[in-house]
There are 2 protein chains.
Amino acid sequence: MKKINLGLIGFGHVGSGVVKILRDKKSFLTKKLGVQIRVKKICDKDIASKRNVSVGKGILTRNPQEILKDPQIDIVVELIGGIHPAKEYILEALKKGKHVVTANKALLSEAGRELFAFAQDMGKSIYFEASVGAGIPIIKSLREGLVANKFNAIFGIVNGTSNFILSQMSKQQITFSCALREAKARGFAERNPILDIAGIDSAHKLILLTYLCFGRFVDLRDVFVEGITEISLADVNYAKELGLEIKLLAIAKKEDNELEVRVHPTLIPNNHLLASVGGVDNALYVSSDLAGNLLFYGPGAGQMPAASAVVADLVDLTQDIRAGLFRPTLNIVEDKSIKRLRKIDEIESRYYIRFMAKDLPGVLAKISGVLARFGISIASVTQKERRFARVVPIVMIIHEAKEKNLRLALEVIDRLEVIKQKSVAIRMEEVY
Amino acid sequence: MKKINLGLIGFGHVGSGVVKILRDKKSFLTKKLGVQIRVKKICDKDIASKRNVSVGKGILTRNPQEILKDPQIDIVVELIGGIHPAKEYILEALKKGKHVVTANKALLSEAGRELFAFAQDMGKSIYFEASVGAGIPIIKSLREGLVANKFNAIFGIVNGTSNFILSQMSKQQITFSCALREAKARGFAERNPILDIAGIDSAHKLILLTYLCFGRFVDLRDVFVEGITEISLADVNYAKELGLEIKLLAIAKKEDNELEVRVHPTLIPNNHLLASVGGVDNALYVSSDLAGNLLFYGPGAGQMPAASAVVADLVDLTQDIRAGLFRPTLNIVEDKSIKRLRKIDEIESRYYIRFMAKDLPGVLAKISGVLARFGISIASVTQKERRFARVVPIVMIIHEAKEKNLRLALEVIDRLEVIKQKSVAIRMEEVY
């Protein structure tokens, strides 16, 4: 029976999961494929620690060149993460005529265009299903299952850590820092969780989703990114009273031939499917021209879900190799109707706003006067119970307004003598 | 540029959608594929009526043999539905060395084993993404995206008509027959909707899903099927008070090396994702060993969603043909841990039960006495307001009980002099 040899670089959490699946399900996969996938070599800095799968000493190495230079290796699986040296390994592997499977969203979001183009030149593929939504087959669905579709928008809950924190705040009535502590204690947040809670990880994934949906590689600096660190329990609860839930959404959305690409805490109606996505789970809500609105939901992280996606990529590649089929990663067609990226200043949205104002007559008149001056109209307003001596929260929903106008209005309002704290504004989204 | 020729049998709603997509997106698809998909011939009994896409007269025919016997045609798309003559056409196409794309769940659920095996013998493929969940790429996800997984269960809302009716009953507070009338008026139910509301269409799809998840073709007569025709608004509302929603679920579930395959109205917690699937939408909730619990959601019917799936199949087949890759439809590996099918009598479930009893002292004692005799224990009981003179609904939730015991108990109870109407029992499901 034909064997496909793979070299694994990165024998960590997901890497050992991949090896475990290939071992545990060897006969199952071989039967499906008619080909045997064999782990020929595993490279890691640490080849001493125990993993949840044991491998022969002979196949472990600290030297990646033993994989990259091995002409028998057909596929390199890169699971070390980060930009360097992952990028160099992938380039080297492609140059040596190997296909690549990776889960490295940070790298692909930064250098995907370059890497995919180089792979194309080499006639090799880069598969990356595990880089977004772990075991959810979202990349395959966008590339293949929905191949005939053009996309209007994608809305993703793509960071498990942030979603866990927001869910816990809402359900357990705890503060942000308390929920973050719990996430760390339960292994759902890294010791330094900044990439997650600041929205950077979501932005990395959004860049890949934007490429898949619209055929455009956006630079991270062109993605508006706001994390969840400023979300207070008070806002979670006021929103809830309005039938809204706060989620960290990664949004790529086409409007009037412009593309909005942004990550920020977003208020959505609590009866929307995305509002029911709790804990560390992920979900992608896709709006397409033919297949309509679709949701893909599942665990967005974890050893086995991610390894499941890596193995699915391996299976696809194995079939491709056997048939001599080359499916270029760059076969995504650019949506030419998109003329430019829309800056965050220019987006139009409804907003939830919370002012902290002195409890005096005429305050609301002052606030609404400023809003009116900037052409912003109020949909609803509620004055909450007094929280501190003589300071009351005023919660407002405003009709569609241009972000820039709102920013300017809030700057003016926040300088009013009656306003005691920086006002909070959270974007709302209809999500179709 | 290489051309792949297809012949379409069935130029109805979905068929004309397929032609429209292939025409409207010709350059888009050609760019992606490097191959042109060309509609060489279209066969329909009616070649006179206008469709939403116009085609040259020369390619229309009433004679399917013009497609089946044309050696230049690589792929036959069968969209006439029903068993005969669809089956004969497909067999003939395969015999003539053509691949097949179909959306025919009725046929595949009855003769899939035979057709897939014949295709395998011929070295050809049958693709059928549009047969379940229309545009939702569930078949591709199960076969490819989750290729490394074994499945524990799949729970599907796979019939849009039934889901629309149940949703309307719940939301608009209307009766079953009123909701059915509305479904017909809005084009969501056929003039004779029996296949939909009696659960047969769901059972057809469930047979295909069961094959994809467990590698077993189950006969329709081994699937327990109960439709929604007996669901009353009263039960919808009593369930709602208990935090439950009634959905017509198609369930295939492995328990202790036995497989349960059943379609019936099912009570699920209203905070479960499946409970939020409203209107004519479909959803598949999949429990897998590696990727965890996943949900796939979207429009389960409609011209363009279904055509989107057919075109995705065509694209896959085109790639296969170009590369000479043969992906047999029978590469699904049978789950050998399954020893037998579990009969409905043997399943264990919690149940919602509504008795209509005389409003007399001692009634509850009589009912619970009978239940106890059959080893059935009560989780909660509520006596509702009197609905008819001296007859009160008693709503009960019972702990896990064997279906057979419950049936026997209800038979005894329904013969009690105090019981004025056949008791209603609805299965509950945890859905993980």
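Okay, housekeeping. What you see is a predicted model, where local features need pLDDT of at least 70 and side-chain atom pairs count only at pLDDT 80 or more, while totals for chains, interfaces and linings use all residues. Residues are numbered from 1 along each chain as its sequence is written, and chains are lettered from A and ligands numbered from 1 in the order in which they are written.

Let's start with chain A. Its domain assignment gives domain 1 (3-134 + 303-323), domain 2 (143-299) and domain 3 (345-428); such bounds come from an automatic or database assignment. Between the centres of domain 1 and domain 2 of chain A, taken over C-alpha atoms, there are 28 Å. Twelve residues of domain 1 of chain A are in contact with 14 residues of domain 2 of chain A, where contact means C-beta atoms, placed from the backbone, within 7 Å. On the domain 1 side, the largest share is seven residues from helix α5 (residues 105-122) of chain A. Helices here are DSSP runs (H or I, at least four residues), strands likewise (E, at least two), numbered from the N terminus.

Now over to chain B, and helix α8 (residues 176-185). Which residues of this helix are buried? They are B:Ala179, B:Leu180 and B:Ala183, with buried meaning 20 or more other C-beta atoms within 10 Å of the residue's own, exposed 12 or fewer, and partly exposed in between, again with C-beta atoms placed from the backbone. These three cover an arc of only 100 degrees around the axis, so they sit on the same side of α8(B); the arc is taken over the directions from the helix axis to the C-beta atoms. If you want the reason, an α-helix has 3.6 residues a turn, so residues three or four places apart point the same way. The buried residues pack against α7 (160-172) of chain B, while the face turned away carries the exposed B:Ser177 and B:Ala185. After α8(B) comes B:Gly187, with a positive phi near 80 degrees.

Last bit: the two chains together. Their contact takes 44 residues from chain A and 44 residues from chain B. On the chain A side, α12 (303-323) of chain A gives the most, ten residues. There's also a strand pairing: β12 (293-299) of chain A and β12 (residues 293-299) of chain B run antiparallel over three bridges, pairing being at least two DSSP bridges. In there, A:Tyr297 stands opposite B:Leu295.

Conventions. Contact = placed C-beta atoms within 7 Å.
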